[in-house]
Amino acid sequence: MKKLLMTSVLSTGLMLGTVEPTFAAHYRTAEEQVRHHQHVKTAKRVGIGAAGGGVIGGLAAGGPGVAVGALAGGGAGYLYDRHKRHHHHHY
């Protein structure tokens, strides 16, 4: 009896958990989508810079060089992102 009750409770919970309520759907406006895309690009550029700096710092100075290289690479990635975002093309 306990197994049957537990099985029915679990299966009901799993079935109800897969249904998405209609009020939970959120669509971004065009401005929100652009802002989100810009943040994702910034995070990607900083992350790639930090990873590259960490690799180069690790090869050059070992363990402590990884942290220093990651910080320097992350900073360089952020500066590159700022340059790219403020570099407007005028054709």
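The model described here is predicted: local features need pLDDT of at least 70, side-chain atom pairs count only at pLDDT 80 or more, and totals for chains, interfaces and linings use all residues. Residues are numbered from 1 along each chain as its sequence is written, and side-chain values use heavy atoms, with hydrogens and water left out.

The chain contains 3 helices and 0 strands, where helices (H or I, at least four residues) and strands (E, at least two) are DSSP runs numbered from the N terminus. Read from the N terminus, the order of elements is α-α-α. The chain has 91 residues, of which 12% are buried; buried means under 20% relative accessible area, exposed means over 50%, and partly exposed lies in between (1.4 Å probe, protein chains only).

Attention now turns to the charged side chains. Side chains of opposite charge can pair when their charged atoms come close. The structure holds 2 salt bridges, each defined as a side-chain nitrogen of Lys or Arg within 4 Å of a carboxyl oxygen of Asp or Glu. One of them joins Arg-45 to Asp-81, with 2.9 Å between the closest N and O atoms. Because Arg-45 belongs to helix 2 (residues 30–61) and Asp-81 to helix 3 (residues 63–85), this pair ties together parts that are 36 residues apart in sequence. Arg-45 is partly exposed, at 21% relative accessibility, whereas Asp-81 is buried, with a relative accessible area of 0%.

Asp-81 also forms a salt bridge with Arg-85, at 3.1 Å from N to O. These two residues are 4 residues apart in helix 3, so about one helical turn separates Asp-81 from Arg-85. Arg-85 has a relative accessibility of 35% and counts as partly exposed. Taken together, Arg-45, Asp-81 and Arg-85 are linked in a network of salt bridges.

This brings the description back to the opening residue. Thr-42 is buried, with a relative accessible area of 16%. With residues up to four places away in sequence not counted, Thr-42 touches Asp-81 and Arg-85, where contact means heavy atoms within 4.5 Å.
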